[in-house]
Amino acid sequence: MARRDDLRGLLAYLRGDMPAAPDWTGVIALANKALCSPALAARLIESGQFSLLPTDVRTFLKDIHRRNKERNRRLLAQLDEAAAILNAIDVRPILLKGTAWLAAAEPTRRAARLLADIDLMVAPQHFFAVIDQLARIGYTLDHQALRTDVPVVLSRAQDAATIDLHSEYGSSGTVFYDHHRLTAGGTTVDLPGSRVNLPSSVDSIAILLLHDQLKGRDYLRGRIDLRHLLDIQDFAESFGDEEWRELDRLFANPYARDAMRTQLLTARNLLGIDIPGWLVRGMRARIQYGRRLFQLRWPQTAAALTLLSMLDPAYLSARRAFRRAKAKEAGRFLPRRTSMERLLVRNELGKI
């Protein structure tokens with residue numbers, strides 16, 4: 001019950017409310033685990049409630065907000081430097097996930113989002129040239145890049161974050177994005193020394209859904225990434241019925257659609273996002289949302305429920321289709337041992 005109460009308290013503060021007699025120790029611990037402490041500070045400042053906090057809480061959140069503001073300033077400078085190098089060879093990268101949020105955010109709001117890395121997408125024909133250009137300014141690869149459809153991580157010791165370089169996102173069996181598709185529906189943004197592209201808000205949400213629910217298997221594991229739910233709230237701020245219908249059309253695959261509906265139902269119920277009821281309908285979405293809350297209260301049940309989810313005919317059908325699309329291991333229904341170990345990890349940074 002304590003974890004559920006901590007979540008209720010954290011969600012109230014993220015809305016700018018001030019619950020009576022809060023357990024600040026539990027709320028701060030959950031905000032830290034969910035990587036939402038900067039967002040908590042920013043929203044309390046925006047709502048005018050920050051001065052009402054206990055002194056020690058105010059001191060902590062003020063320091064978190066200040067530090068993240070400086071970190072994001074460094075990240076934006078790092079992004080601008082990398083993008084300028086790519087612009088010099090006539091490549092304009094597309095920014096994904098939190099990186100897109102950072103570039104689009106008003107300067108006064110940039111401290112609200114904690115980023116783990118810088119996500120860039122380039123066209124496949126430029127993939128290896130981009131790696132070479134970044135290597136010229138000191139970046140090194142975490143592993144040898146052999147295929148354009150496998151993202152690589154590039155890093156330098158002096159930077160605040162790594163660069164994750166992609167040439168595609170998603171899969172042909174669910175939702176698939178390449179550089180051309182995202183550029184066609186996106187916009188161009190000028191940074192101080194470079195130009196970059198941003199996906200449309202609909203595509204940005206779709207990529208977050210793919211990242212968490214399918215690639216990260218949060219749908220299978222019953223996990224919640226609150227930081228990304230806050231991103232969805234920001235990206236969907238000006239959505240009307242047309243944008244929601246476009247998002248729904250993207251997730252035509254039955255398994256992917258159930259995963260999408262579960263995440264949007266979670267966002268609607270936890271954050272109060274104005275998502276149409278028709279978009280989050282369905283028994284599977286309701287069951288999976290209930291399962292998430294159940295696991296939050298009794299985390300020791302997570303492994304058993306994950307194993308049970310892997311026996312779902314919809315999951316097995318989706319996995320067979322994925323293997324056929326990859327033209328390998330067509331007879332394998334269940335993940336490899338290493339994948340199973342990752343599936344059953346209980347404590348994962350950013351997930352609740």
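**Pocket lining and aromatic pairs**

Good morning. Helix α5 makes the greatest contribution to the lining of the second largest pocket, supplying three residues. Please bear in mind throughout that this is a predicted model.

Let me stay with that pocket for a moment. Three helices each provide at least two lining residues: α5 (97-104), α8 (201-215) and α10 (226-235). What is the make-up of the lining of the second largest pocket by class? There are seven nonpolar, four polar and four charged residues.

I turn now to the aromatic residues. The structure contains six aromatic pairs. In one of them, the ring centres of Tyr-13 and Trp-24 are 4.4 Å apart and the planes meet at 20 degrees; since planes under 30 degrees apart count as stacked, this pair is stacked. Where do the two partners lie? Tyr-13 belongs to helix α1 (residues 2-14) and Trp-24 to helix α2 (residues 24-33), so the pair ties together parts that are eleven residues apart in sequence. Are these residues buried or exposed? Tyr-13 counts as buried because its relative accessibility is 0%. Trp-24, with a relative accessible area of 11%, is buried because the cut-off is under 20%.

A further pair shows another geometry. Phe-239 and Trp-244 are arranged edge-to-face, with 4.9 Å from centre to centre and 75 degrees between the planes. Both Phe-239 and Trp-244 are buried.

The charged end of Arg-245 sits over the ring of Trp-278, at 4.2 Å from the ring centre. Trp-278 is also in contact with Asp-248. Which helix holds Asp-248? Asp-248 is located in helix α11, which spans residues 241-250. The relative accessible area of Asp-248 is 12%, so this residue is buried. Apart from neighbours within four places in sequence, the contacts of Asp-248 are Arg-257, Met-260, Arg-261, Trp-278 and Leu-279.

To close, I would recall two items. In this predicted model, the second largest pocket has α5, α8 and α10 each supplying at least two residues of its lining. The stacked pair of Tyr-13 and Trp-24 ties helix α1 to helix α2. Thank you for your attention.

Key:
Residues numbered from 1 in each chain as written. Predicted model: local features only at pLDDT ≥ 70, side-chain atom pairs only at ≥ 80, totals over all residues. Heavy atoms only, no water. Phe/Tyr/Trp six-rings, centres within 6.5 Å; stacked < 30°, edge-to-face > 60°. Helix = DSSP H or I, 4+ residues; strand = E, 2+ residues; numbered from the N terminus. Buried < 20%, exposed > 50% of the residue type's maximum accessible area, 1.4 Å probe, protein only. Lys NZ or Arg CZ within 6 Å of the ring centre and 35° of its normal. Contact = heavy atoms within 4.5 Å. Nonpolar A, V, L, I, M, F, W, Y, C, P; charged D, E, K, R; others polar.
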